[in-house]
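Please look over the sequence and the model below before reading on.

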Amino acid sequence: MLEGRPENWSVAKILSLKVILAAVGFALGLMYYSGNSSTVGLVILLAAPLAGYFAPDIMINGMAKRRQEEIQESLPDLLDQIIISIESGSSFENALARSGQSGEGPLADEIVRTVQDMALGINRRDAYDALVARTDVDELRSFVRAITQGEEFGVPVSDIVRDQAGEMRMSRRMRAEAKANQ
């Protein structure tokens, strides 16, 4: 779910790949063990099928992490688009829909899906919670929490979005500086 359900990675395909890679790992481990029956050969015989079995999980986790980083990086720009739309007279939902449709990448896809969920009758809070569950990005969780609380207390949405965009931009700058220091 965190990887965004790529088209070529169905659950059946992943499970089949796990079994196939485990079998290949076992065959390679068995070939190595038959030529070298030492303790190292036994370890390779046992470890190779496990490595083959867990390789698809490792690949999917890596893709999910990259996707989350892309969402995290593009969120301040999306919030700026939302602010512009709200200030031009659009409602928050219309601004959200317009920003999702004009954007690119995983965040825009998730925003479009959230707007579609709301159009299908799912209430806002549940649609926002589903967005957070599908992405698992802290900044997006913070934004959704702020929007939800703002709607409950009657705070202008444009103020909330502007404040969140500023905070996220500062957070992005600090992450870039930390990465540069490493």
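**Helix packing, charge pairing and surface**

In this predicted model, helix α1 passes helix α2 in a right-handed crossing. The axes of these two helices, α1 and α2, come within 8 Å and cross at roughly 160 degrees, and because angles over 145 degrees count as roughly antiparallel, α1 and α2 are described as roughly antiparallel to each other.

**Packing of α2 against α3**

- Helix α2, which covers residues 39-87, packs against helix α3, which covers residues 92-102, at an angle of about 135 degrees, and their axes lie 9 Å apart.
- That angle makes α2 oblique to α3, and the crossing of α2 and α3 is right-handed.
- On the α2 side the contact is made by L78, Q81, I82, S85 and I86, while α3 contributes F92, A95, L96, R98, S99, G100 and S102.

**Packing of α6 against α7**

- Helix α6 (residues 138-153) and helix α7 (residues 157-181) have axes that come within 10 Å and cross at roughly 165 degrees.
- Because of that crossing angle, α6 is roughly antiparallel to α7.
- The contact between them is made by E139, S142, F143, A146, I147 and G150 of α6, together with V157, I160, V161, Q164, M168, S171 and R175 of α7.
- As for handedness, α6 passes α7 in a right-handed crossing.

**Charged pairs**

- Side chains of opposite charge can pair when their charged atoms come close.
- With a salt bridge taken as a side-chain nitrogen of Lys or Arg within 4 Å of a carboxyl oxygen of Asp or Glu, the count in this model comes to 15 salt bridges.
- One of these is formed by D57 with K18, and the closest N and O atoms of this pair are 2.5 Å apart.
- Since D57 lies in helix α2 and K18 lies in helix α1, the pair ties together parts that are 39 residues apart in sequence.

**Nonpolar surface**

- Which residues make the nonpolar surface patch of about 400 Å²? The patch is made by I20, V24, L28 and M31.
- Of these residues, L28 is found in helix α1, which covers residues 11-35.

Definitions and conventions:
Residues numbered from 1 in each chain as written. Predicted model: local features only at pLDDT ≥ 70, side-chain atom pairs only at ≥ 80, totals over all residues. Heavy atoms only, no water. Patch = residues over 30% accessible without salt bridge, like charges linked within 9 Å, V, L, I, M, F, W, Y side chains within 5 Å. Areas by Shrake-Rupley, 256 points an atom, 1.4 Å probe, with all protein chains shown as cover. Helix = DSSP H or I, 4+ residues; strand = E, 2+ residues; numbered from the N terminus. Axes fitted to C-alpha atoms, helices over the stretch in contact; angles between N-to-C directions. Parallel < 35°, antiparallel > 145°, perpendicular 65-115°, else oblique. Left-handed = near helix turned anticlockwise from the far one by under 90°. Contact = heavy atoms within 4.5 Å.
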